[in-house]
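Please keep the sequence and the model at hand while reading.

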Amino acid sequence: MSHRGDLHQRQGGLTVAFHGVRGSTPCSCPTVRRYGGNTSCVSLEVPGADPFVFDLGTGLRPWGATFGPGPHRIHAFVSHLHWDHVQGLPFFVPLHRADTRLDVYGPGHAGEPMGEAFARFMCPPFFPIEPDELAGTIVFHDVHHETVEVADATVTVRPVPHTDTTNGYRVERAGRCVAYVSDHQEPVGDPDHVDEGVLELCEGADLLIHDAQFTPAELVDRADWGHCTARYAVEVARRAGVHHLVLFHHDPGRHDDALDVLCAEAAERGRRHGIVVSAAAEGLKITL
Ligand SMILES: [Zn+2]
Ligand SMILES: [Zn+2]
């Protein structure tokens with residue numbers, strides 16, 4: 001397809017927009033300004049249809065500020081319940097309106113439904129109110145290993161190796177396919193192994209948004225922290241026949257200039273396999 005690799009927004013199609021691209025914790029300082037300091041949040045929008053969003057990190061707040069008058073129906077796909085993937089929820093302005101409905105798909109934890117887990121971290125003394133005290137309606141759907149029809153899309157959900165129960169998603173919508181694997185443990189001692197479920201999610205995707213938090217040296221010291229290198233992200237893309245890989249979940253300590261270098265190295269590696277590689281940045285939009 002001739003549009004591939006084109007990073008400019010255009011009319012129609014499926015637009016992937018990055019509102020938060022950091023992992024672990026939000027960060028704010030001049031050296032991270034170009035790529036941005038908000039945590040995981042990526043929207044998937046088709047003109048005239050309900051918006052989708054991957055994860056509810058702090059990037060959810062600025063995205064929410066772009067919404068006009070309601071009613072709104074939004075579908076969210078949460079990878080897991082670590083802070084950097086859920087912390088934006090209370091600050092999502094559309095939920096301060098009674099005519100907003102947010103459907104949240106994601107994993108429970110150790111037998112506990114996801115909605116109950118949300119109510120455990122969003123409550124006093126950690127936060128003044130609980131989720132059901134927001135004006136809008138939130139409907140939680142526990143998913144982990146299944147395929148669901150959501151609005152006009154087919155969404156495949158598979159477990160992803162990380163430190164706690166984690167989902168990856170494959171969204172087929174408007175004739176396009178986007179895979180989202182935000183936090184992914186690189187197999188220690190077996191860097192060429194790729195989980196079967198992850199390959200299912202990524203197979204032939206037009207766009208893969210994938211963890212690339214660590215350099216190889218960092219991975220040595222943080223081998224069981226649940227993340228991977230850009231090299232491994234390229235390996236996943238290569239094995240799955242992905243055309244465009246977006247490096248994501250940047251380390252909060254990675255300054256812009258270092259991220260330029262990390263991305264350039266991965267892009268060179270990707271070129272050898274015919275894969276376009278770019279780095280996620282706040283404000284980046286890709287229309288497929
Ligand atoms: Zn994370
Ligand atoms: Zn995590």
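The points below cover the metal sites, the strands and their pairing, and a few individual residues.

This is a predicted model, in which local features need pLDDT of at least 70 and side-chain atom pairs count only at pLDDT 80 or more, while totals for chains, interfaces and linings use all residues. Residues are numbered from 1 along each chain as its sequence is written, chains are lettered from A and ligands numbered from 1 in the order in which they are written, and side-chain values use heavy atoms, with hydrogens and water left out. Two zinc ions, ligand 1 and ligand 2, are 3.4 Å apart, and D183 coordinates both.

**The zinc ion (ligand 1)**

- The protein donors of this ion are D84 (OD), H85 (NE2), D183 (OD) and H249 (NE2), at 2.1 to 2.2 Å from the metal.
- Donors are N, O and S atoms within 2.8 Å of the metal (3.2 Å for Na, K and Ca); water is not among the atoms, so sites may look incomplete.
- The arrangement around the zinc ion (ligand 1) is irregular because its four donor atoms subtend angles of 90 to 171 degrees.
- Four donors count as tetrahedral if all angles lie between 85 and 135 degrees; four count as square planar and six as octahedral if opposite donors are over 155 degrees apart and all others between 65 and 115; anything else is irregular.
- Along the sequence, the donor residues of the zinc ion (ligand 1) show the spacing D-H-x97-D-x65-H.
- Distant parts of the chain are linked by the pair D84, in helix α2 (residues 83-86), and H249, in the loop between β12 (244-248) and α7 (256-271); the two are 165 residues apart.
- Helices (H or I, at least four residues) and strands (E, at least two) are DSSP runs, numbered from the N terminus.
- D84 counts as buried because its relative accessibility is 5%, and H249 is buried with a relative accessible area of 0%.
- Buried means under 20% relative accessible area, exposed over 50%, and partly exposed in between (1.4 Å probe, protein chains only).

**The zinc ion (ligand 2)**

- H80 (NE2), H82 (ND1), H162 (NE2) and D183 (OD) coordinate this ion at 2.1 to 2.6 Å.
- The site of the zinc ion (ligand 2) is irregular, with angles of 86 to 171 degrees among its four donor atoms.
- Its donors are spaced H-x1-H-x79-H-x20-D along the chain.
- H162 lies in the loop between β8 (153-159) and β9, and D183 in the loop between β10 and α4 (196-202), so this pair ties together parts that are 21 residues apart in sequence.
- Both H162 and D183 are buried.

**The seven-stranded sheet**

- Seven strands form an open sheet in the order β7-β8-β9-β10-β11-β12-β13, with mixed pairing.
- β7 (146-150) and β13 (276-279) stand at the edges with a single partner strand each, so one side of each has no neighbour in the sheet.
- Two strands pair if DSSP finds at least two bridges between them.
- Strand β9 (residues 167-173) and strand β10 (residues 176-181) are antiparallel and pair over five bridges, and R173 has R176 in β10 as its bridge partner.
- Strand β11 (residues 207-211) runs parallel to β12, joined by five bridges; H210 is partnered by L247 in β12.
- β12 and β13 are also parallel, with four bridges between them, and the bridge partner of V246 in β13 is S278.
- Five of the five residues of β12 are buried.
- H244, V246 and F248 point one way from β12, whereas L245 and L247 point the other way.
- In a regular strand the side chains alternate between the two faces of the sheet.

**Strands β4, β5 and β6**

- Strand β4 (residues 72-77) and β5 run parallel, joined by six bridges, and I74 stands opposite L102 in β5.
- β5 pairs with strand β6 (residues 137-142) in the parallel sense over six bridges, with Y105 opposite H141 in β6.
- Strand β5 (residues 100-106) is mostly covered, as six of its seven residues are buried.

**Cysteines**

- A search of the whole structure finds zero disulfides, a disulfide being a pair of cysteine sulfur atoms within 2.5 Å.
- C202 is in no disulfide, and the nearest cysteine sulfur, that of C177, is 8.7 Å away.
- C202 counts as buried at 0% relative accessibility, and C123 counts as buried at 11%.
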